[in-house]
Each structure stands twice: as C-alpha cells, then as structure tokens.
Amino acid sequence: MRIPAHSVCTAIRDDIVSGVFERGGRLTEEVLARRYGVSRVPVREALRTLESEGFVVTRRHAGACVAEPTEQEAADLLEIRMLLEPLGAARAAQRRTEAHLKVLRGLVRLGQERVRRGEGEDLRSLGGWFHETLAQASGSPALIALLTQLRHKIAWMYSVEQPARPADSWAEHGALVDAVARGDAERARSLAAQHAERAATAHRLRRTDRQGTTAGGVRVRTSQHPVNIAGARH
C-alpha cells in the first residue's frame, strides 16, 4: 500500500483503531515506512502526533508502541463525550448554516427510511455522518477537533451494539435537528445530552486480542474485523 506522506498519520491511526496493530505492540519506523510506501520522516512525525493524541506511547528500550488504555480511561472518554456533544449541539443551533441543515435533514430522512424498510446495514455509518455534520455545524474548530479525536478513541476502545429500537434513535436525531433549525440552543443541548447518555449504554469495552507479531516487531491481528469509526456513535 502506498499513500501520500501527509496522510501517514491518518493511515496509522485508522490501523490502530481497526485493530490492525494490537495494543502494546511495537511500531517501528522501518516497518511502517515500508507498509505505507513512504520514508521514515513522515512516519516519525506521525508517531509524535499520535503520541500527543494518546494512541501511541514511547517506552524505554522499546520505542514507539500502541498505547494500552485502562478501563478507567475508556470510561472517562464516554463521560467527556457526554459533556462535549451537548455543547456542540448548542453551538450548532447558534451557528449552523443552511447547508448544514440540508445535510442533517437528509441524513435523518435516510436513516428513518432505512429503519422502515428494515435495512440496518448502513445505519451506523449514517449515524456517524450525522454526528460529524452536527459537530461541523458548531463552527468551533477546537470543539470539532476534540469531538473527532473522541470518536476515534471511542471506536478504538469500544464495540457498539445496535440500539434495540433504532426508530427511537432516529426520532431523537430528527428532534435534535428541529431544535438546531429553530436556533434553540438550550433545547438542542438537552436533547443531545439525553441522546448521548442513552447511546453510552450500548458501548462494550473491547478486549485485547494478542495473536501474532511481524518480523519487524509490529504486532498485528491474524484475523481482522475492521471497525467502522462511525460505529461508536448513534
């Protein structure tokens, strides 16, 4: 696989989130550079960025390794999300554009249509797109960056069960869009808080599965089941 140098960080992060690189596994510059078809310089820069984000740690005598978050750290992420998503929704009610509203309403229609037809295969990706657009509508680059990082890390640490009543979940999405469209920041904040709290109950911690290590020291899964980042959101 060959990717642009500027995309190396995203590629490594995606492989960590999807479980290609196991937690605790070494991330050697040489092996990563060969995997992505780039020099070691962008790999080194990417690893520094990922360390600042909490995906990578540097260990004495081992170098860069995939981080091994504790259960408490994982629980903290859900709590932080339940604080930030309502803030993002409130800001969206104040700053959204008509383009944001068009996309949000279109996603709600698609989601509700899929539910009616019993087509649940892409509901997670639609839900992910919905929450990403809602975050973008906040108009706050700092908040958008925080929510994006939270989505990545939650997808890495948790598997997510489909809601028992998906129609209710998409009705909540619709009510949230209505509040945002009216510019009702407090209503949007309240609805987003309730939605995030209910969605959190569907999260189940992933268990580390150590199965193998490449010759270069990068531990990878022998049986991969890619994780959609959107799966951590409802």
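Okay, let's start in the middle of things: the largest nonpolar core here has 37 residues, and Ile 16 and Leu 27 have the most contacts inside it. By nonpolar core I mean a set of buried Ala, Val, Leu, Ile, Met, Phe, Trp, Tyr and Cys residues joined through side-chain atoms within 4.5 Å. Buried, in turn, is under 20% relative accessible area, with exposed over 50% and partly exposed in between, using a 1.4 Å probe and protein chains only.

Which elements give two or more residues to this core? They are helix H1 (8–17), helix H2 (29–36), helix H3 (40–53), strand E2 (63–66), helix H4 (71–95) and helix H7 (141–157). H7 gives the largest share, seven residues. Apart from this core lies another one, of 23 residues, including Leu 107 and Ala 185. As background, nonpolar side chains tend to be buried together in soluble globular proteins.

A quick word on what we're looking at: this is a predicted model, where local features need pLDDT of at least 70 and side-chain atom pairs count only at pLDDT 80 or more, while totals for chains, interfaces and linings use all residues. Residues are numbered from 1 along each chain as its sequence is written, and side-chain values use heavy atoms, with hydrogens and water left out.

Now the overall layout. The protein has nine helices and four strands, and from the N terminus they go α-α-α-β-β-α-α-α-α-β-α-α-β. Those are DSSP runs numbered from the N terminus, with helices (H or I) of at least four residues and strands (E) of at least two. Of the 234 residues, 47% are buried. Take the contacts (heavy atoms within 4.5 Å) between residues at least 6 apart in sequence: 77% of them join residues at least 24 apart.

Let's go to H1 and H2. Their axes are 11 Å apart and the packing angle is about 100°; axes are lines fitted to C-alpha atoms, for helices over the stretch in contact, and angles run from 0 to 180 degrees between N-to-C directions. That makes H1 roughly perpendicular to H2, the label for 65 to 115 degrees, whereas under 35 is roughly parallel, over 145 roughly antiparallel and the rest oblique. Ala 11, Ile 12 and Asp 15 of H1 meet Leu 32, Arg 35 and Tyr 36 of H2.

Is Asp 15 buried or exposed? Buried, at 11% relative accessibility. Leaving out residues up to four places away in sequence, Asp 15 touches Val 20, Phe 21, Arg 35 and Tyr 36. Over in H2, the buried residues are Glu 29, Val 31, Leu 32, Ala 33 and Tyr 36, and their cover includes H1 and H3. Just after H2, Gly 37 takes a positive phi of about 70°.

Next stop, Ala 135 in helix H6 (residues 123–136). Ala 135 is buried, with a relative accessible area of 4%. Beyond its neighbours within four places in sequence, Ala 135 contacts Ile 144, Leu 147 and Arg 151. Ala 135 and Leu 147 are twelve residues apart in sequence, and 7.2 Å apart in space, C-alpha to C-alpha.

Last one: helix H8 (residues 166–182) against helix H9 (residues 185–200). They pack at about 160°, axes 8 Å apart, and are therefore roughly antiparallel. The contact includes Leu 176 of H8 and Leu 191 of H9.
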